[in-house]
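Subject: Handover of a predicted model

Hello,

Below is the structure I am passing on to you.

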Amino acid sequence: VRPSHRQSLSSLGSSLEAPGGLLDSVMKAVIVIGSGLFVLAAFGNSLTWHLQRFWGASGDFWQNQWTKVHQRWEGHETALFYAGAMFVPFAAFWGSNLLLMLVDYTGMPNFITRYRIQVDKNNPVQSLRHAVKTVVFNQLFISAPMVVVCWAVMFSSGNPCGPELPTFHRGLLEMAFCAVLEELLFYYSHRLFHHPALYKHFHKQHHEWTAPIGVVSLYAHPLEHVLSNMLPALIGPVILGSHLVTTTLWYALALVSTTISHCGYHLPFLPSPEFHDYHHLKFNQNFGVLGVLDRLHGTDANFRKTKAYERHTLLLSLTPLTESIPDPPKKVQ
């Protein structure tokens with residue numbers, strides 16, 4: 001091992017073990033999030049009873065639809081799993097991103113581009129070819145094989161394509177568990193890739209886009225794509241042995257969510273992308289998905305002092321937040 005590499009590894013180990021370092025932060029997070037999961041379990045029945053009652057008879061409708069699908073694919077459960085866990089999320093990702101890329105590349109229509117977060121960037125995007133090629137490679141040669149591994153593990157311990165749909169209560173709790181687990185794994189893996197010993201070799205590729213667009217959510221080095229993009233999202237349904245329908249919904253939701261986080265537009269009635277957009281702009285803030293661990297570890301402290309933080313809310317009007325909450329005027333040198 002070269003001396004420079006030994007020095008980098010030594011520096012990495014010291015920063016992980018130091019008070020306030022990554023391992024210390026992980027232990028704090030385990031305590032806080034573990035307590036949250038305990039509360040969720042304790043009050044789960046009360047919180048979801050009204051929602052499940054609202055679900056009502058429509059549950060029978062969805063069960064009937066699944067029964068038809070299950071009967072049609074009977075004896076071909078493997079193909080059914082791949083259709084649900086691969087094709088549906090793939091279609092959700094590219095369906096949303098093709099629309100966004102049309103806007104990014106043409107700068108039209110204006111009623112969408114006026115919601116751009118970084119108003120002086122990507123107006124329009126100059127080149128998408130390299131990003132798209134990288135994303136397609138990651139999906140075909142990394143994401144797809146990882147889903148095959150998930151299928152093998154899940155089928156070894158049960159049948160994720162069973163004839164009965166999970167109850168609304170169980171599906172909701174499983175989605176919540178997956179979201180918390182993704183927050184944990186993504187935050188710490190993402191923060192790890194920002195360590196100087198790793199950043200320049202792996203994560204710097206993703207940060208070529210200081211003003212992100214939707215499709216670059218999966219624009220990453222293969223190692224980062226495995227550990228930080230795919231593993232945090234895939235592992236939840238595997239641990240729980242989730243039904244295919246829950247797995248499909250979660251994978252599709254995760255892909256659409258990361259697309260929105262990177263899209264560069266703060267559109268009405270959609271989740272705010274301000275949090276992750278600021279991460280691409282400043283690099284050392286906002287490492288998580290939900291923001292819970294960033295608040296816990298103080299890695300959103302600078303973000304919370306900005307106008308972007310004030311804009312980090314659900315937009316319920318048609319007035320762009322860059323107009324109603326504008327950035328302060330830039331100082332003239």
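Glu323 is partly exposed, at 48% relative accessible area (buried is under 20%, exposed is over 50%, and partly exposed is in between, with a 1.4 Å probe and protein chains only). This is a predicted model, in which local features need pLDDT of at least 70 and side-chain atom pairs count only at pLDDT 80 or more, while totals for chains, interfaces and linings use all residues. Residues are numbered from 1 along each chain as its sequence is written, and side-chain values use heavy atoms, with hydrogens and water left out.

Salt bridges

Side chains of opposite charge can pair when their charged atoms come close. The model has 7 salt bridges (a side-chain nitrogen of Lys or Arg within 4 Å of a carboxyl oxygen of Asp or Glu). In one of them, Glu323 meets Arg114, with 3.9 Å from N to O. Arg114 lies in the loop between α5 (110-113) and α6, and Glu323 lies in helix α14 (residues 321-324), so this pair ties together parts that are 209 residues apart in sequence. Helices are DSSP runs of H or I with at least four residues, strands are runs of E with at least two, and both are numbered from the N terminus. Arg114 is partly exposed too, at 33%. Arg114 also lies over the face of Tyr115, 5.4 Å from the ring centre; the rule here is NZ of Lys or CZ of Arg within 6 Å of the centre and within 35 degrees of the ring normal.

Glu174 and Arg170 form another salt bridge, and their closest N and O atoms are 2.8 Å apart. Both are in helix α7 (residues 168-193), and because they are 4 residues apart, about one helical turn separates them. Glu174 is buried at 5%, whereas Arg170 is partly exposed at 42%.

A further salt bridge joins Glu274 and Arg311, at 3.8 Å from N to O. Glu274 is in helix α11 (residues 274-282) and Arg311 in helix α13 (residues 307-311), so the pair ties together parts that are 37 residues apart in sequence. Both Glu274 and Arg311 are buried. With Asp327, they are linked in a network of salt bridges.

Aromatic rings

There are 14 aromatic pairs. Rings of Phe, Tyr and Trp (its six-membered ring) pair if their centres lie within 6.5 Å; planes under 30 degrees apart are stacked, over 60 edge-to-face, and the rest tilted. Tyr187 and Tyr188 make an edge-to-face pair, 5.0 Å between centres and 85° between planes. Phe193 and Phe202 are also edge-to-face, at 6.1 Å and 70°. Tyr187 is buried at 0%, Tyr188 at 10% and Phe193 at 5%. Elsewhere, ring pairs link Phe81, Tyr82, Trp151 and Phe155 into a cluster.

Cysteines and surface

How many disulfides are there? The count is 0, where a disulfide is a pair of cysteine sulfur atoms within 2.5 Å. Cys178 is buried at 3% relative accessibility, and Cys263 is buried at 5%.

On the surface, Val136, Phe137, Leu140 and Phe141 form a nonpolar patch with about 390 Å² of accessible area together. Leu140 belongs to helix α6 (residues 129-157). Patch residues have over 30% relative accessible area and no salt bridge; like charges are joined within 9 Å, and nonpolar side chains (Val, Leu, Ile, Met, Phe, Trp, Tyr) within 5 Å. Areas come from the Shrake-Rupley method with a 1.4 Å probe, and for residues only the protein chains shown count as cover.

Regards
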